[in-house]
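Please keep the structure in view while going through the numbered points.

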Amino acid sequence: MTDDTSDAPHAADLVGAWQLVAFHELDDEGGGMSEGPLGPDAGGLLIYAPDGAMSVSMMRRDGQHPAAAGPAGKQPRSTEYMGYAGTWRLEGTRLLHHVEVSTHIYQLGQDLEREVRLRGDRLDLIGRAPVEGRFRRRVLTWRRRAPGGAPDAPRSAGGPG
């Protein structure tokens with residue numbers, strides 16, 4: 001993370017709804033870049049409210065997960081859907097999400113730190129996470145949704161829905 005706040009956005013710049021464009025992992029130990037845990041066609045919605053409330057939901061859309069087409073009673077795996085909600089605050093180029101509810105119980109009560117980069121209607125959120133014994137930077141790129149705007153249609157073929 002950097003302490004340089006010259007390019008730091010203002011909190012008001014983040015308020016609104018954002019649609020996930022890309023989710024990648026970068027290996028901090030020189031292992032290169034790979035797709036994130038939701039596959040190459042991840043979908044997501046991130047909402048920042050002006051009162052400090054936030055919510056994020058992300059899912060695998062490519063239909064390639066082993067449990068994606070399982071029977072109705074089968075328990076979904078955590079890599080099919082991720083989500084949490086709580087509050088947010090901006091401190092320079094650091095964005096903190098305080099988790100109040102989550103699909104991952106270990107996140108409850110935690111402050112998840114993200115580096116934030118805003119370029120026009122694009123928002124990059126960068127966090128660090130241990131993955132298979134190595135630290136990786138998770139880079140999520142979001143595009144601002146127009147007020148009342150409909151999300152993009154899924155890019156992959158799916159079943160009836």
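1. Arg 119 and Asp 124 form a salt bridge in this predicted model, and their closest N and O atoms lie 2.5 Å apart. Asp 124 has a relative accessible area of 7% and is buried, because buried means under 20%. Arg 119, with a relative accessible area of 48%, is partly exposed.

2. A second salt bridge links Arg 117 to Glu 115, with 3.3 Å between the closest N and O atoms. Glu 115 counts as buried at 14% relative accessibility, whereas Arg 117, at 40%, counts as partly exposed. As a general principle, side chains of opposite charge can pair when their charged atoms come close.

3. Arg 89 forms a salt bridge with Glu 91, and the closest N and O atoms are 3.0 Å apart. Here Arg 89 is partly exposed, with a relative accessible area of 39%, and Glu 91 is partly exposed as well, with 33%. A search of the whole structure finds seven salt bridges.

4. The pairing of strand 1 deserves a separate remark. Strand 1 (residues 16-27) runs antiparallel to strand 3 (residues 42-48), and four bridges join them. Within this pairing, Gln 19 stands opposite Leu 45 of strand 3. Strand 1 also pairs with strand 9 in the antiparallel sense, over nine bridges. There, Leu 26 has Arg 137 of strand 9 as its bridge partner.

5. The largest pocket has a volume of about 600 Å³. Its lining comprises 28 residues, of which Met 82, Gln 107, Arg 114, Ala 129 and Arg 138 are the closest to its centre. The elements that each give two or more residues to this lining are strand 4 (53-60), strand 5 (81-91), strand 6 (94-102), strand 7 (111-119), strand 8 (122-131) and strand 9 (134-144).

6. Which strand gives the most to the lining of the largest pocket? That is strand 8, with five residues.

Key. Residues are numbered from 1 along each chain as its sequence is written. This is a predicted model: local features need pLDDT of at least 70, side-chain atom pairs count only at pLDDT 80 or more; totals for chains, interfaces and linings use all residues. Side-chain values use heavy atoms; hydrogens and water are left out. On a 1 Å grid over the protein atoms alone, a cavity is a set of points where a 1.4 Å probe fits but cannot get out, and a pocket is an open set with protein on both sides within 12 Å along at least five of seven lines; lining residues have an atom within 4 Å of a point. Grid points are joined across faces, edges and corners, and a volume is the space filled by probe spheres set on the points. Two strands pair if DSSP finds at least two bridges between them. A salt bridge is a side-chain nitrogen of Lys or Arg within 4 Å of a carboxyl oxygen of Asp or Glu. Buried means under 20% relative accessible area, exposed over 50%, partly exposed in between (1.4 Å probe, protein chains only).
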